[in-house]
Amino acid sequence: MAHEPRLYEELASWWPLLSPAVHYDEEAEAYARLLDDACDAPPHTVLELGSGGGNNASHMKARYAMTLVDRAPGMLEVSRRRNPECEHVPGDMRDVRLGRTFDAVFVHDAVMYLTTRADLARAAETAFVHCRPGGAALFVPDAVRETFRASTHCGGEDGPLRALRYMEWIWDPDPADTTYVADFAYLLREGDGEPRVVHDRHVFGLFGRDEWLAVLRGAGFVPEIVPLSLPDLPDRVLDVFVARRPR
Ligand SMILES: C[S@@+](CC[C@H](N)C(=O)[O-])C[C@H]1O[C@@H](n2cnc3c(N)ncnc32)[C@H](O)[C@@H]1O
């Protein structure tokens, strides 16, 4: 693995202060509606690939039996604490094989960490082999090549014992390749001590709509792009890839 963000390794326990689950309620509801519409019968079992701290799952588990796969043990631990009723499995979305199928497969922003088309194709194949015929997979990248914008965001929360603030600086060092970066500066404070500062680079994959559609067709899906506006992202429309597995 070329590069693993510190956020998912030694800083994983800080995740709930960087990205609180409460911010995901409307978003998770929108994804669940898309999954319900895409499957040929109401889905009951859902596999999430790259489930991270389990924020979407903390809302979606009310309607589905969820199996959560992530490659970072620290993030799985955060999710286990939030979602003890969900099944958690360590694994990489490029090659994990659970030996069973689900009504639907959900891949949220974790898909951004696939930086080559070959890796994207491997994840699409993983989703396909775990999706029952007549079911569907949802892929929700933060950006596709056509929607990418350099930008800056900040946020963070206070917890009972510690607090975090961050600045995220999204930019593209080389517009000719298939990646861009998010440079994060975290300010991490324990108790009322002096905050420490950590820099963390996240490298994201960037693919055009046609590349996405070709990869999903190559895996065997019948894909379409559904534009989605979210209240938390007023200035952006997400391209959601809804991929049906034919009967
Ligand atoms: C931003 S977090 C996901 C948060 C999630 N959307 C939620 O609702 O909490 C991204 C996660 O992707 C995981 N990840 C990145 N690449 C992966 C891969 N190839 N296979 C599995 N997990 C991966 C990281 O370990 C990290 O936990």
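**Close-up views of a predicted model**

View 1. Tyr-8, Trp-15, Tyr-113, Phe-148, Tyr-180 and Phe-204 form one aromatic cluster, where rings of Phe, Tyr and Trp (its six-membered ring) pair if their centres lie within 6.5 Å, with planes under 30 degrees apart counted as stacked, over 60 as edge-to-face and the rest as tilted. This is a predicted model, in which local features need pLDDT of at least 70 and side-chain atom pairs count only at pLDDT 80 or more, while totals for chains, interfaces and linings use all residues. Residues are numbered from 1 along each chain as its sequence is written, and side-chain values use heavy atoms, with hydrogens and water left out. By the ring rule, the count comes to 12 aromatic pairs. Arg-162 lies over the face of Trp-14, at 3.9 Å from the ring centre, and Arg-245 lies over the face of Phe-128, at 4.1 Å from the ring centre; a charge sits over a ring if NZ of Lys or CZ of Arg is within 6 Å of the ring centre and within 35 degrees of the ring normal.

View 2. Helices (H or I, at least four residues) and strands (E, at least two) are DSSP runs, numbered from the N terminus. Among the buried residues of H2 are Glu-27, Tyr-31, Leu-34 and Leu-35, where buried means under 20% relative accessible area, exposed over 50% and partly exposed in between (1.4 Å probe, protein chains only). The buried residues of H2 pack against several elements, including strand S1 (45-49), helix H3 (55-60) and strand S4 (102-107).

View 3. Tyr-24 lies in the loop between helix H1 (15-18) and H2, and Tyr-24 is buried, with a relative accessible area of 9%. Leaving aside neighbours within four places in sequence, Tyr-24 is in contact (heavy atoms within 4.5 Å) with Trp-15, Ser-19, Asn-55, Asn-56, His-59 and His-108. Tyr-24 and Asn-56 are 32 residues apart in sequence, yet their C-alpha atoms are 6.0 Å apart in space.

**View 4. Phe-221 in the largest nonpolar core.** A nonpolar core is a set of buried Ala, Val, Leu, Ile, Met, Phe, Trp, Tyr and Cys residues joined through side-chain atoms within 4.5 Å. Of the 31 residues in the largest such core, Leu-49, Val-105, Phe-139, Trp-212, Leu-216 and Phe-221 touch the most other members. A second, separate core of 27 residues includes Leu-11, Tyr-166, Phe-184 and Leu-206.

View 5. The structure holds 0 disulfides, a disulfide being a pair of cysteine sulfur atoms within 2.5 Å. The sulfur of Cys-131 is 6.6 Å from the closest cysteine sulfur, in Cys-39, which is too far for a bond. Cys-131 counts as buried because its relative accessibility is 0%, whereas Cys-154, at 64% relative accessibility, counts as exposed.
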